[in-house]
Amino acid sequence: AEAESIDRILDRYEPEGAPPDRPAVVLIHGGGFTGGTRTKPELVDFAYYFVSRGWVAISIDYRVAEDRGTVPSSWVETVQAEVELEDQEQALAMYPAARDAKAALRWLHAEADRLQVDTHRISAIGGSAGSYLALMLGTSEEGDFRDELSLEEDPSLSSTHLDHPSVVHTVIDHWGGAGHLLLLEAMDDDSRFDATDAPVSIVHGTADRTVDVSEAELIAEEYEKTGVPYDFHSLDGVDHGAWEVRVDGLALPELAH
């Protein structure tokens, strides 16, 4: 069937009167790679919190399962070999979602002068699937989710600032996991966790029934091996999506800041 292009959209939040060389934050919604929106109220709250402190914030959309488009055969084969059958559709959708998240980050780097953003102070904050993507941005290699397909095979990246980097310097993970990184490693036997990764703050409930806390423990273990700084805020008895929780008296935007 003939593919139809779908524009990916982001919302930009800019401070008024803040000095130049502003830090920036990329906000990434959850939804299990099957849904979700950049206008999720909790992300809007994060955006306004950071903007009030002089940051630039962008909240991004990305392809989900029903409009995922082209997936490279190497990713398909890895998913078929490594993922339970009932979860394969979701795992296939993880690839184009990551491709779009990196494209949005390259857009931010490309627009940095106009937005007065300091490209050495960019953070990624997610929730659930969005945290899978945030962690992917902070740990994957530059060519991951970019070079597996040629522009002839998938022209969706042709207008996405391929001459700019997709670098973040801090990751805030709310009940996410390392699925992208584990599938990449299964593809080429090369771990993406290394000393060049962005520091991470992990927030995860021990009673999470959607993304088991073992996912957070795995991330912490990998960071322990590489020596990259990390925080692990384990929320005793807390389930998934606990946006209202307080950690040491701090709301989650305050904790992230």
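I take buried to mean under 20% relative accessible area, exposed over 50%, and partly exposed in between (1.4 Å probe, protein chains only). I take helices (H or I, at least four residues) and strands (E, at least two) as DSSP runs, numbered from the N terminus.

**Entry 1: the model.** I note that this is a predicted model, in which local features need pLDDT of at least 70 and side-chain atom pairs count only at pLDDT 80 or more, while totals for chains, interfaces and linings use all residues. Residues are numbered from 1 along each chain as its sequence is written, and side-chain values use heavy atoms, with hydrogens and water left out.

**Entry 2: helix H2.** I looked up which residues of helix H2 (residues 73-82) are buried, and found Trp75, Thr78 and Val79. Seen down the axis of H2, these buried residues fall within an arc of 100° and so line one face of the helix; the arc is that of the directions from the helix axis to the C-beta atoms. On the other side of H2, I found Ser73, Glu77, Gln80 and Ala81 exposed. I recall that an α-helix has 3.6 residues a turn, so residues three or four places apart point the same way.

**Entry 3: salt bridges.** I count a salt bridge when a side-chain nitrogen of Lys or Arg is within 4 Å of a carboxyl oxygen of Asp or Glu. By this rule the count is 16.

I located aspartate 61 in the loop between strand S3 (56-60) and H2. Its side chain meets that of arginine 38 in a salt bridge of 2.7 Å, N to O. Arginine 38 lies in the loop between strand S2 (22-28) and helix H1 (41-51), so the pair ties together parts that are 23 residues apart in sequence. Aspartate 61 is buried at 17% relative accessibility, and arginine 38 is buried with a relative accessible area of 17%. I also found Asp11, Arg38 and Asp61 linked in a network of salt bridges.

Next I examined aspartate 67, which forms a salt bridge with arginine 8, the closest N and O atoms being 4.0 Å apart. Aspartate 67 lies in the loop between S3 and H2 and arginine 8 in the segment before strand S1 (10-13), so this pair ties together parts that are 59 residues apart in sequence.

**Entry 4: backbone angles.** I recorded a positive phi of about 55° for histidine 161, which is not a glycine. Histidine 161 is in the loop between helix H5 (129-139) and strand S5 (170-174). Phi of aspartate 248 is near 50°, also a positive value in a residue other than glycine.
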